[in-house]
Amino acid sequence: MGFSGEYFNSIDAKGRLSIPARLRSLLQDEFGDDQLVVTRAREALVAYPVSRWSEICAAVDAMPNGPQRDLIYRNRISPAIEAGFDSQGRIALTPSLRQIAGFEKDVVIVGVGEKIELWSQTRFIAQMQASEEQLAGLSSELGALGF
């Protein structure tokens, strides 16, 4: 099943973000990992179990050398950090990742299958509004799926 759920949280002044216990438990139970790899995404950060991150890196490594591979390395692989949990279930995010994601204080943590997205609350609300507009045009597809 993977990760699911939306959680509203705050990042502290030292850049530490508490990951909900339910997600930490799934990380261990379903993926056998005890830490995450966090990197940039389009408008947010994304956190992967270490085992899934290894698969992603292997797929990028298998690409032919060239500008596309370099682009993926520079923008997704190179900014990545391994983030272990402290005794309070928090991960520490670098200033550069916090800046990329636009984190100030309020953060939304979203479980999305094999990854966890970390959004600034402002960007998340805007993204959800845009998503609803896009989904309005997919009413028959959503109905077929049971939504």
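# Briefing: sheet, ring pairs and burial in a predicted model

Ring pairs join F8, W119 and F124 into a cluster. The model discussed here is predicted.

**Overall chain**

- Read from the N terminus, the elements follow the order β-β-α-β-β-α-α-β-β-α-β-β-α-α.
- The radius of gyration of the chain is 16 Å, which agrees with the value near 15 Å that a compact globule of 147 residues would have.
- The C-alpha trace spans about 40 × 40 × 30 Å along its principal axes.
- Of the 147 residues, 35% count as buried.
- The accessible surface amounts to about 8600 Å², and carbon and sulfur atoms account for 51% of this area.
- Among contacts between residues at least 6 apart in sequence, 59% join residues at least 24 apart.

**The sheet**

- Strands of a sheet pair through backbone hydrogen bonds, in either a parallel or an antiparallel sense.
- Strand β3 (residues 35-40) and strand β4 (residues 45-49) run antiparallel and are joined by five bridges. Within this pairing, V38 has A47 of β4 as its bridge partner.
- Strand β8 (residues 115-120) pairs with β4 in the antiparallel sense over three bridges. Here L45 has L118 of β8 as its bridge partner.
- Strand β7 (residues 106-112) is joined to β8 by six bridges, and the two strands run antiparallel. In this case I109 is the residue whose bridge partner in β8 is L118.

**Aromatic pairs**

- A search of the whole structure finds four aromatic pairs.
- One of them is the stacked pair of F3 and F31, with 5.2 Å centre to centre and 20 degrees between the planes.
- This pair links distant parts of the chain: F3 belongs to the segment before β1 and F31 to helix α1 (residues 21-31), 28 residues apart.
- F3 counts as buried because its relative accessibility is 2%. F31 likewise counts as buried, at 18% relative accessibility, where the cut-off for burial is under 20%.
- The ring centres of F8 and F124 lie 6.4 Å apart and their planes stand at 80 degrees, so this pair is edge-to-face.
- Because F8 lies in strand β1 and F124 in helix α5 (residues 121-136), the pair ties together parts that are 116 residues apart in sequence.
- F124 is buried, with a relative accessible area of 6%.

- V108 has its place in strand β7.
- Its relative accessible area is 0%, so V108 is buried.
- Beyond its neighbours within four places in sequence, V108 is in contact with Y7, F8, E117, L118, W119, Q121 and F124. The contacts of V108 therefore include F8, W119 and F124, the residues of the ring cluster, in which F8 and F124 form the edge-to-face pair.
- The C-alpha atoms of V108 and P49 are separated by 18 Å, the two residues being 59 apart along the chain.

- R69 is located in helix α3 (residues 67-77).
- R69 counts as buried, at 16% relative accessibility.
- Leaving out residues up to four places away in sequence, R69 touches V60, D61, M63 and P64.

Notes: Residues are numbered from 1 along each chain as its sequence is written. This is a predicted model: local features need pLDDT of at least 70, side-chain atom pairs count only at pLDDT 80 or more; totals for chains, interfaces and linings use all residues. Side-chain values use heavy atoms; hydrogens and water are left out. Two strands pair if DSSP finds at least two bridges between them. Helices (H or I, at least four residues) and strands (E, at least two) are DSSP runs, numbered from the N terminus. Rings of Phe, Tyr and Trp (its six-membered ring) pair if their centres lie within 6.5 Å; planes under 30 degrees apart count as stacked, over 60 as edge-to-face and the rest as tilted. Buried means under 20% relative accessible area, exposed over 50%, partly exposed in between (1.4 Å probe, protein chains only). The radius of gyration is taken over C-alpha atoms; the globule rule is 2.2 Å times the number of residues to the power 0.38. Contact means heavy atoms within 4.5 Å. Accessible areas come from the Shrake-Rupley method with a 1.4 Å probe; for residues, only the protein chains shown count as cover.
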